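User: Please take a close look at the aromatic side chains here. Where do they sit, and what is around them?

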Amino acid sequence: VPAGAETPALEAALTPLLGGRVSTDERIRLRHGHGHTQEDMWAIKYGRLPRVPDLVVWPESPAEVRAVLELARGHGACVIPFGGGTNVTDALRCREDERRAIVSMDLRRMDRVLWIDPVNQTAEIQAGATGSRIEEQLQRHGFTLGHEPDSIEFSTLGGWIATCASGMKKNRYGNIEDLVLGIAAVGADGALVRPGVAPRESVGGDPARWLLGSEGRLGIVGGGVVEIFPLPGR
């Protein structure tokens, strides 16, 4: 495992905020520096990864995401969001020539369906919820999101939004851009961006559309309001 950059000041600042949810363990750092692609598996088994994150953190709320970003900015560190870790777009790969400290922000503790509106058939879901976790929670109430990529048990809502994902049932339910009605995200300046869920407007841009496919470059997706559907046969 590549040696990590020395980050005592950043660790000292993060620990009061997150407690034990900060790690510099070699295996944890390594796991957050690669995905599930063939190239990743080859590098792990037979080669090497030249650079991996120096710190891994696990926020549990949008407020903690914002606070981590503010601390990272203050200490000159960069942050890579981590969801299910499938990494099909190679977004987890760390640049070998990056001299700043790299923080991997693992969002998998933010994995809840926060509310369901059965009348308007919408729900707010946190970014770290995997597809199987989302379906488990929605189906208790007779609903489904209908988004089923091959990686449904690993990939997360935040990852789907960040990569503009598609699923096997897109002809029935649509792609992720058709399902997402609003996105909550935290930008690099620490501001919480939360576009409201409103009818379509004919003027102005839609920040939610900007974040679709942005792969973490414009901000870290914290969750979103999505369209849901009654389970078939109900």
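Analyst: Start with Trp42. In this predicted model, Trp42 is exposed because its relative accessible area is 57%, over the 50% cut-off. Tyr46 is exposed too, at 60%. Both residues belong to helix α3, which spans residues 38-46. They are four residues apart, about one turn of that helix.

Now the pairing. The count comes to two aromatic pairs. One of them joins Trp42 and Tyr46, with ring centres 4.7 Å apart. Their planes make an angle of 50 degrees, so the pair counts as tilted rather than edge-to-face, which needs over 60 degrees.

Next comes the pair of Tyr173 and Phe229. This pair is also tilted, at 4.8 Å centre to centre and 55 degrees between the planes. It links distant parts of the chain. Tyr173 lies in helix α7 (residues 170-173), while Phe229 lies in strand β11 (residues 229-230). The two are 56 residues apart.

Phe229 has another neighbour: Arg172 lies over the face of its ring, 5.7 Å from the ring centre.

The largest nonpolar core has 26 residues. Those with the most contacts inside it are Ile125, Ile134, Leu138, Leu157, Ile161 and Ile183. Several elements give two or more residues to this core, among them strand β6 (122-126), helix α5 (131-139), helix α6 (157-163) and strand β8 (180-186). Take Ile134. Leaving out residues up to four places away in sequence, Ile134 touches Val113, Ile125, Ala129, Leu145, Leu157 and Trp160. A second, separate core has 19 residues, including Leu55, Val57, Val103 and Met105.

Last, the open space. The largest pocket holds about 870 Å³. It is lined by 42 residues. Closest to its centre are Pro81, Ala91, Ala162, Glu215 and Gly216. Helix α4 (62-74), strand β3 (78-82), helix α6 and strand β10 each give two or more residues to the lining.

Key
Residues are numbered from 1 along each chain as its sequence is written. This is a predicted model: local features need pLDDT of at least 70, side-chain atom pairs count only at pLDDT 80 or more; totals for chains, interfaces and linings use all residues. Side-chain values use heavy atoms; hydrogens and water are left out. Rings of Phe, Tyr and Trp (its six-membered ring) pair if their centres lie within 6.5 Å; planes under 30 degrees apart count as stacked, over 60 as edge-to-face and the rest as tilted. Buried means under 20% relative accessible area, exposed over 50%, partly exposed in between (1.4 Å probe, protein chains only). A charge sits over a ring if NZ of Lys or CZ of Arg is within 6 Å of the ring centre and within 35 degrees of the ring normal. A nonpolar core is a set of buried Ala, Val, Leu, Ile, Met, Phe, Trp, Tyr and Cys residues joined through side-chain atoms within 4.5 Å. Contact means heavy atoms within 4.5 Å. On a 1 Å grid over the protein atoms alone, a cavity is a set of points where a 1.4 Å probe fits but cannot get out, and a pocket is an open set with protein on both sides within 12 Å along at least five of seven lines; lining residues have an atom within 4 Å of a point. Grid points are joined across faces, edges and corners, and a volume is the space filled by probe spheres set on the points.
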